[in-house]
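Colleague: Please take me through the salt bridges of this model, with the criteria behind each term.

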Amino acid sequence: MATVRLMGIDPGSRKTGYGIVDMDGPRSRHIASGCIQTASDRPLPERLKTIFEGLTAVIQSWRPAEVAVEQVFMHRNPDSALKLGQARGAALCAVVLAGVPISEYAPRAIKQAVVGSGAADKSQVQRMITLLLSLSEPPQADAADALAVAICHGHTRQTLRRFGSAAVLAGRRR
């Protein structure tokens, strides 16, 4: 199995996390991670532009083969959910315009894939990402979440390929 470069994105209107990993089968290797910080005192359209441009630069720099983005979950505050959705839209546009295939995952599915519990909190995700990627220190919370998205996608991708191979083999036996 060849190594594939994956990017995960954890969208947010104040901080958008990104994480780049190289996956070789079940093994993942940390390549880069960080956050695109927006100025909360700036109007939302300017912050969305910052997210779009920042992710465009990360994609151009690291050239992921595939990108995965966390889906929006329902907030208690509708205004926060709307802003998160708009930040997610800016992220999706950056990926689509770069011509990179994109997948989306629910927050619970990401936590389940990486921590083993869909109800894991941010510190548990940080701890598990630090262990899985053999990092010397935990990444910032939003970057850890983005790395978790990338790893979740890598594991899902691998499982789907295995099922696809099994279906092909089963079809040959008939």
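Modeller: Helices (H or I, at least four residues) and strands (E, at least two) are DSSP runs, numbered from the N terminus. The model is predicted, so local features need pLDDT of at least 70 and side-chain atom pairs count only at pLDDT 80 or more, whereas totals for chains, interfaces and linings use all residues. Residues are numbered from 1 along each chain as its sequence is written, and side-chain values use heavy atoms, with hydrogens and water left out.

Colleague: How many salt bridges does a search of the whole structure find?

Modeller: The criterion is a side-chain nitrogen of Lys or Arg within 4 Å of a carboxyl oxygen of Asp or Glu. Applied to the whole structure, the search gives a count of 10.

Colleague: Which residue meets Glu53 in a salt bridge?

Modeller: The closest N and O atoms of this pair are 3.4 Å apart. Both partners lie in helix 1 (residues 44–62), four residues apart, about one turn of the helix. The partner of Glu53 is Lys49.

Colleague: Which residues do salt bridges with shared partners join into one network?

Modeller: Asp22 and Arg5 meet through their side chains at 2.7 Å, N to O. Asp22 lies in strand 2 (residues 15–24) and Arg5 in strand 1 (residues 4–10), so the pair ties together parts 17 residues apart in sequence. The network consists of Arg5, Asp22 and Arg29.

Colleague: Is Asp22 buried or exposed?

Modeller: Buried means under 20% relative accessible area, exposed over 50%, and partly exposed in between (1.4 Å probe, protein chains only). Arg5, at 24%, is partly exposed. Asp22 has a relative accessible area of 9% and is buried.
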